[in-house]
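Q: I would like to learn to read the features of a protein model one by one. Could you take me through this one?

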Amino acid sequence: MRTSFLAMLATTLLLASSGVVSAQVLRQNDKTVFIEAESFADKGGWGIDTQSVDLVGSPYLIAHGWGNPVADAKTNVTFPGAGEYRVFARTRNWVAPWTPEYAPGKFQIALNGKKLATEFGTNGVDWAWQDGGTVTIAANQLDAEISLCDLTGFDGRVDAIVFTADKDFTPGNDLDALASMHKDALRLPDEIPVAGNGKVYDLVVVGGGIAGNCAAIAAARLGASVAFINDRPVLGGNGSTEVRVHLNGEINLPPYPNLGNLTHLMGPHGGGNAGDPGLYKDNQRLELVQNEKNIDLYLGVRVDRADVEKANDSIRITSVCGSNIETGQQLRFLGKTFADCTGDAVVGYLAGADFHMGREAKAEYDEPSAPEQGDKMTMGSSVQWNTAETDAPTTFPELPWAIQFNEQTIRPSIHGDWDWEGGMNRDQCFEMERIRDVGLRAAYGHWSYMKNHTPKGWEDKVKNRKLNWTAFVAGKRESRRLLGDVVLREQDVVEGRPFDDASVVTTWSIDLHYPEPSNLKYFPQEQFRAICEQVQIKPYAIPYRCFYSRNVDNLFMAGRDISVTHIALGTIRVMRTGGMMGEVVGMAASVCAKNDCLPRDVYQSRLDDLKKLMEEGVAPPTPKANSLIRPKWLTDDAVNVAPKAKIAVDSEYQKGPKYPKENINDGKFDISGNEGRWVSDVDGGHWVDITFDEPVTINAMRVISGQAGGKTPIGDFSLMREENGKLVDIPGTVVTENEAVIVGLKFEEATSKRFRLMITQSPGYLARLYEVEFYKVD
């Protein structure tokens, strides 16, 4: 991995610590010092929020301590001269839209350790400059330390600070004025420098979630030069420690079992939401990227411009430009192809790509479940939280500015999971600060009620617990969806419509979220809890043509912003499915690079090249992938003798559909569905007896187990044979900790009339078998 921009960032931060970059005298006014809050050299416990730059004008610092004041942020400034300076901070009272009489996000500014009297964060609904009075700077104080001092831990926020000795100067508040002041203070050049010493990258990947990681790594491993840009300081998106959503969706399924090998390295399947930070593997992903010599990684860079060429009805991106979220320094990224993995379709939106946002009307795509009239409703964003047990009783304050609960509206909990989700009827791109803030008010208000008005039966559960973590980066599900040559629809998935460019297999249900009815009843203006409605599907292969824009010729997309309807998004949006999309996009980008072609050309004339890469994969096969690759000993003339046997089992499933034992050796299986299996009952150890009329000799077998999508295969098992009335183990057939749907084994010859498959571990204490096959092979 090249580190040109990281080296530049380190230099910039070094300069910031001496006040050279973090505070600048305005060129047009040598009596004024302008400080971007996000450029503070030591941010203490303050975090950088980038979710609302389009609204606020830039990133800002947030004191997110979930009720515990965070450590001071500090930086050094150099004043242009001695005298009296007026002080302004650009901030807002973040709860003013609901309770303007309260201001929980208060903070102070300190100069050389002495706090100004003004408490900031109290000034109203909108972002604006709050007057902080005056300070006197002596001649021996020109080099000074400025501190941001949080007073509450409840999400005070600040965008910028101005010190001015000009009595006639007032900082502008509209976004154009702010941009001009920002450019002037940072001495930004009129021509943005080109990243990579002028390099034209084969692929520019924007967005560092699971899809973006896989796109960048896949392309790099196949020889393409890659610029990988992410606007956060960590990789992983919703799967990172900032949001803490676990990875879902099955991988390594036909028709391309090796798709998912790279996604497998992004982190574990499942593990829980809103858990401990170690579950989410930020460092593991970073190391994978850093090990790729063809990737230049640009962390903390927010893309805010796309340069395009237009001809007739087509658009082609020539470059994207981005700003460092801490220093404001800009870079331009030249590329042959671009991959929008931002979730919000930022690159496509900036480039003029066709997109849709909200629910389509039924008539638009003939989807059976679509509403008669389309609307702007989307699935929401989650603000998750957790609590932790301590050694002593804890307290938490009454919060009149938070959402208020009572006996009727409280749903007692000590953990806020995915369903703490809101903003479904708001704009998920341009109203994110409000959507997130509603989630914070809900989490804080809930915990305040649990601690101060503890519901009956919960006293011992909450007595010693503390609020341990809340997300300030919301976990989004849906916003803009870019339109490709194919727009995947509900009926395509449900009916299993085949496409000649079938690629990534989606296995998640069509899982759509709606406001939880009682939550909507009691909190009609600001819903913050959700329900899901799920339609189960068989695994379905998404066409490659959903992964590139129909009107921006060199734009790929991967993740939740691909070409699907709102309903179809319900199945493809989970992160391991998105990771496989990234793998395919990286592969296709490498085909483009090698053949000087565009994403659509890959489908029209290079599809066999892409299919070959999907067959091979870009990472070592997982056990599951290996299991789906036909073993070499299983030749076309090998004969499965198991269908000649009689089957006996320990039990059959009693609590739902019947899955009879006769399915075990009927000579067929389809792992895309749940039909055609035997499923045991829950209790006891499980076994399958396979008995022949005459002795047979075998030296190989395949065991196919689990459920649709390649989930829950049997874990530990072995094969036994009957000898002199006793069952004895067959060497070479013991399998432990299995994760593979299909297990093929070759072993020394064993002859018997009766064999037993002994199952000693199975998920949920249920053994699920599609088929058992016996062979005698060379």
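Q: Is Glu737 buried or exposed?
A: Buried means under 20% relative accessible area, exposed means over 50%, and partly exposed is in between, with a 1.4 Å probe and protein chains only. Glu737 is exposed, at a relative accessible area of 71%. The residue lies in the loop between β35 (726-729) and β36. Helices (H or I, at least four residues) and strands (E, at least two) are DSSP runs, numbered from the N terminus.

Q: What kind of model is this, and how are residues numbered?
A: This is a predicted model, where local features need pLDDT of at least 70, side-chain atom pairs count only at pLDDT 80 or more, and totals for chains, interfaces and linings use all residues. Residues are numbered from 1 along each chain as its sequence is written, and side-chain values use heavy atoms, with hydrogens and water left out.

Q: How do I read the backbone, and what is phi of Glu737?
A: Most residues other than glycine have a negative phi, and most peptide bonds are trans. Phi of Glu737 is near 50 degrees, a positive value in a residue other than glycine. Asp155 also has a positive phi, near 70 degrees. Asp155 sits in strand β11 (residues 154-164). Its relative accessible area is 0%, so Asp155 is buried.

Q: Which peptide bond is cis?
A: The bond from Pro254 to Pro255 is cis, with omega near 15 degrees. Pro255 belongs to the loop between β13 (226-230) and α6 (261-264).

Q: How many salt bridges does the structure hold?
A: A salt bridge is a side-chain nitrogen of Lys or Arg within 4 Å of a carboxyl oxygen of Asp or Glu. The structure holds 50 of them. One of them pairs Asp492 with Arg489, at 2.9 Å from N to O. Asp492 counts as buried because its relative accessibility is 1%.

Q: Which residue meets Asp609 in a salt bridge?
A: Arg606 does, at 3.5 Å from N to O. Asp609 counts as partly exposed, at 31% relative accessibility. Arg606 is partly exposed too, with a relative accessible area of 32%.

Q: What does the salt bridge between Asp689 and Arg756 tie together?
A: The side chains of Asp689 and Arg756 meet at 2.7 Å, N to O. Asp689 lies in strand β33 (residues 686-705) and Arg756 in strand β36 (residues 742-761), so the pair ties together parts that are 67 residues apart in sequence. Both residues are buried. Elsewhere, salt bridges that share partners join Asp49, Arg92, Arg157, Glu433, Arg436 and Asp437 into one network.

Q: How many cavities of 30 Å³ or more does the search find?
A: On a 1 Å grid over the protein atoms alone, a cavity is a set of points where a 1.4 Å probe fits but cannot get out. A pocket is an open set with protein on both sides within 12 Å along at least five of seven lines, and lining residues have an atom within 4 Å of a point. Grid points are joined across faces, edges and corners, and a volume is the space filled by probe spheres set on the points. The search of the whole structure finds one cavity of 30 Å³ or more. The largest cavity has a volume of about 50 Å³. Its lining includes His246, Lys281 and Arg285.

Q: What classes of residue line that cavity?
A: Ala, Val, Leu, Ile, Met, Phe, Trp, Tyr, Cys and Pro count as nonpolar, Asp, Glu, Lys and Arg as charged, and the others, Gly among them, as polar. The lining of the largest cavity divides into five nonpolar, four polar and two charged residues.

Q: What about the second largest pocket?
A: About 330 Å³ of space lies in that pocket. Of its 20 lining residues, Gln536, Ile537, Asn674, Ala708 and Lys711 lie nearest its centre. By class, the lining has four nonpolar, 12 polar and four charged residues.

Q: Where is Gly352 found?
A: Gly352 is in the loop between α8 (346-351) and β18. At 37% relative accessibility, Gly352 counts as partly exposed. Gly352 and His269 are 83 residues apart in sequence and 36 Å apart in space, C-alpha to C-alpha.
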